[in-house]
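User: Hi! Could you walk me through some helix packing in this one?

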Amino acid sequence: MNATNPETLLEFQERFGSETACEEFLFRWRWPEGFRCPRCQGREAARLTTRRQYQCRTCRHQVSVTAGTALHKTKLPLRIWFWALFLVARHKKSISALQLMADLGLGSYRTAWFLLHRIRGCFDESADFPLRGLVEVDETYVGGTEKGVWPGRSASEKGIVVAAVEVKDNGRLGSARMKVVPDVKTRSLVPFIEEVVAPTATVATDGWPAFNQLDRDGFQHERHVSKGPRDSVFHPVLNAVHLLISNLKTWLRGRFHGVSRKYLPAYVAEFMYRYNRRRSPPDLFGWVARRLMCRRSLTLRCLKATADASA
Ligand SMILES: [Zn+2]
């Protein structure tokens with residue numbers, strides 16, 4: 001069995017069957033090298049039996065194992081959090097709030113929904129691994145009205161997602177990034193590309209004028225101009241990014257039956273996380289748990305601590 005990732009329901013139940021067991025795991029994720037007082041950096045603490053708190057032996061400062069994390073002041077039992085994490089990690093194509101509510105016997109859909117969204121908030125990709133080689137970029141409209149809307153760049157009630165994907169020499173898809181953007185103007189599309197694509201990459205786009213800035217930025221820029229109607233589904237080139245976008249839409253339709261624009265970023269982040277790890281199933285359970293422990297302030301220091309803890 002993986003050090004942190006239980007593989008079966010039985011293993012999970014054996015390791016996280018009590019509040020104490022869950023708390024011990026949180027403690028280890030939060031302080032992998034042992035307790036450290038946030039006030040005086042003291043290394044020794046006594047556990048207060050009544051709450052999930054520890055008291056520094058040097059300055060007597062009390063700190064909760066969940067303080068400053070996504071679980072801060074949670075009223076839910078830790079076991080519910082761990083079960084939710086396990087189920088999200090276990091279901092290859094994610095889990096709906098309704099299913100989570102039923103599986104965990106939660107009293108309300110609202111509780112299940114909030115729980116899931118707290119967890120989804122952890123699925124943001126690190127900017128440490130920019131896309132390289134040939135990278136196709138395009139944007140798409142997601143959600144909102146499906147019928148009677150021209151799928152071009154005018155469907156204002158839909159969410160807009162910009163996608164970038166590496167195209168390998170054999171034509172297969174490599175790593176990818178996606179982001180929800182407010183519009184399809186240069187100011188929204190180009191900063192995304194600058195953020196996720198290595199400066200040495202070749203960027204392939206369609207002929208949308210907003211991408212002209214890429215040439216001025218010094219990117220190798222291939223423009224593929226279609227003479228047909230501007231409909232991404234039938235666009236003759238940029239097959240890789242269109243396949244990725246099509247997979248996103250299928251996943252959203254199949255799993256969630258409609259996604260509001262407000263929460264689209266969280267779903268897109270989860271899709272990306274799963275896509276980029278599709279060939280090497282990760283220690284998703286442990287990874288998300290560690291991210292939850294850093295969630296409230298995703299500073300660089302916090303991200304580094306997460307990376308170190310998972311190394
Ligand atoms: Zn202290």
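Predicted model: local features only at pLDDT ≥ 70, side-chain atom pairs only at ≥ 80, totals over all residues.

User: Great. At what angle do the axes of α4 and α5 cross?
Analyst: Roughly 110°, and the axes of α4 (residues 97–104) and α5 (residues 109–120) come within 8 Å. Axes here are lines fitted to C-alpha atoms, for helices over the stretch in contact, with angles from 0 to 180 degrees between N-to-C directions. The two helices are therefore roughly perpendicular, a label for 65 to 115 degrees.

User: Which residues meet there?
Analyst: From α4, Ala 97, Leu 98, Leu 100 and Met 101 meet Tyr 109, Ala 112, Trp 113, Leu 115 and Leu 116 of α5 (contact is heavy atoms within 4.5 Å). By class, that contact has nine nonpolar, no polar and no charged residues.

User: And which α4 residues are buried?
Analyst: Ala 97, Leu 100 and Leu 104, where buried is under 20% relative accessible area and exposed over 50%, with a 1.4 Å probe and protein chains only. Seen down the α4 axis, they fall within an arc of 60°, so they line one face. The face turned away carries the exposed Leu 98 and Ala 102.

User: What covers the buried side of α4?
Analyst: The cover includes α3 (78–90) and α5.

User: Switching topic, what does α6 pack against?
Analyst: Its buried residues pack against β4, β5, β6, β7 and α7.

How values were computed. Residues numbered from 1 in each chain as written. Heavy atoms only, no water. Helix = DSSP H or I, 4+ residues; strand = E, 2+ residues; numbered from the N terminus. Parallel < 35°, antiparallel > 145°, perpendicular 65-115°, else oblique. Nonpolar A, V, L, I, M, F, W, Y, C, P; charged D, E, K, R; others polar. Arc of directions from axis to C-beta.
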